[in-house]
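Open the structure in a viewer and keep the sequence at hand. The stops below say what to select next and what is there.

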Amino acid sequence: MAAPALLYRLYERRLMGGLGSADLPRHIGVMLDGNRRWAKELGRNASFGHRRGADKINEFLTWCDEVGVQLVTLWLLSTDNLKRAREEIDTLLEIIAAAVERLAAAHTWRLKTVGNLQMLPEPFVSRMEAAESKTSDVKGMQVNIAVGYGGRQEITDAVRSLLAEQATSGKTLAEVARSIKVDDITDHLYTKGQPDPDLVIRTSGEQRMSGFMLWQTVHTELYFCEAYWPDFRKVDFLRALRDYTQRERRLGR
């Protein structure tokens, strides 16, 4: 083994050992950012970057499994992404569908699609639903596939769903306005029934949320990594976990 690779492995083991019995996040959200910029710096097109980014997903989920993470949310396609050129979107959708189908075929993690699927082409939605169904019996870590996802869109859809439900039960708008609670919105989100993320990791050096899980991240710890997603390494992941364990979580108290 070459000296740099050996040093890397030793550092990785040191980081892993340092986590010990620390209170690690049970739900991690990931903003897989920087695929296009990574490809551009190599003189390649955007689809090359998207494919390499998709190739990283299985490896990342394996790292999460190793440390006992229970739930991972991967933001693969935002509502803003849908404004890109049609050709790029069509290619990206095919890359995402193929990547999710590979995850389903592995039958290691339970998949769930989260997002506004009405904004996406029916053939793509059918492939997502089929992959989700194929893993419905898996008992291991759950993986949310966030596609056609935007935080503002999610809250809008949650309110719309809540109002429709209340109207069906015969309540007037005035009655709903008087009785509505925070938990009522939470119960109509794409992630209803799931714990909020403890940690969100964003790659590529950008330090903003860009609409990711706006409702759910009010008490979430944020970690911004300089590496582009295709270059994200296990040591980068372990550093994020180490940083998380060293923070004092107040949870609004």
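Start at asparagine 35, which is in helix α2 (residues 35-41). Helices here are DSSP runs of H or I with at least four residues, strands are runs of E with at least two, and both are numbered from the N terminus. This is a predicted model, in which local features need pLDDT of at least 70 and side-chain atom pairs count only at pLDDT 80 or more, while totals for chains, interfaces and linings use all residues. Residues are numbered from 1 along each chain as its sequence is written, and side-chain values use heavy atoms, with hydrogens and water left out.

Is asparagine 35 buried or exposed? Asparagine 35 counts as buried because its relative accessibility is 11%; buried means under 20% relative accessible area, exposed over 50%, and partly exposed in between, with a 1.4 Å probe and protein chains only. Leaving aside neighbours within four places in sequence, asparagine 35 is in contact with Gly49, His50, Gly53, Trp229 and Pro230 (contact means heavy atoms within 4.5 Å).

Next, select helix α3, residues 46-66. Its 21 residues reach 31 Å from the first C-alpha to the last, close to the 30 Å expected at 1.5 Å a residue; the expected span is 1.5 Å times one less than the number of residues. Where is the kink in α3 centred? It is centred on isoleucine 57 and amounts to about 25 degrees, the bend being the angle between axes fitted to the seven residues ending at a residue and the seven starting there.

Colour the buried residues of α3, among them Gly49, His50, Gly53, Ile57 and Phe60. What covers the buried residues of α3 includes β1 (27-31), α2, β2 (71-78), α4 (86-106), β4 (142-149) and α9 (234-245). After α3 comes glycine 68, with a positive phi near 90 degrees.

Now go to tyrosine 8 in helix α1. Tyrosine 8 counts as partly exposed because its relative accessibility is 26%. Not counting residues up to four places away in sequence, tyrosine 8 touches Arg233, Lys234 and Val235. From there, select arginine 233, which forms a salt bridge with aspartate 236, the closest N and O atoms being 3.3 Å apart. A salt bridge is a side-chain nitrogen of Lys or Arg within 4 Å of a carboxyl oxygen of Asp or Glu. Arginine 233 is partly exposed, at 36% relative accessible area, whereas aspartate 236 is buried, at 6%.

How many salt bridges are there by this rule? The count comes to 20. Two further pairs involve helix α4:

- Aspartate 90 forms a salt bridge with arginine 86, with the closest N and O atoms 3.1 Å apart. Both residues lie in α4, 4 residues apart, about one turn of the helix.
- Arginine 127 forms a salt bridge with glutamate 101, with the closest N and O atoms 2.8 Å apart. This pair links distant parts of the chain, arginine 127 in helix α5 (residues 122-134) and glutamate 101 in α4, 26 residues apart.

Then select Asp33, Arg37, Arg202, Glu206 and Arg208, which are linked in a network of salt bridges.

Finish in two loops. Histidine 107, in the loop between α4 and β3 (110-114), has a positive phi of about 55 degrees although it is not a glycine. Serine 210, in the loop between β5 (199-202) and β6 (221-224), has a positive phi of about 55 degrees and is not a glycine.
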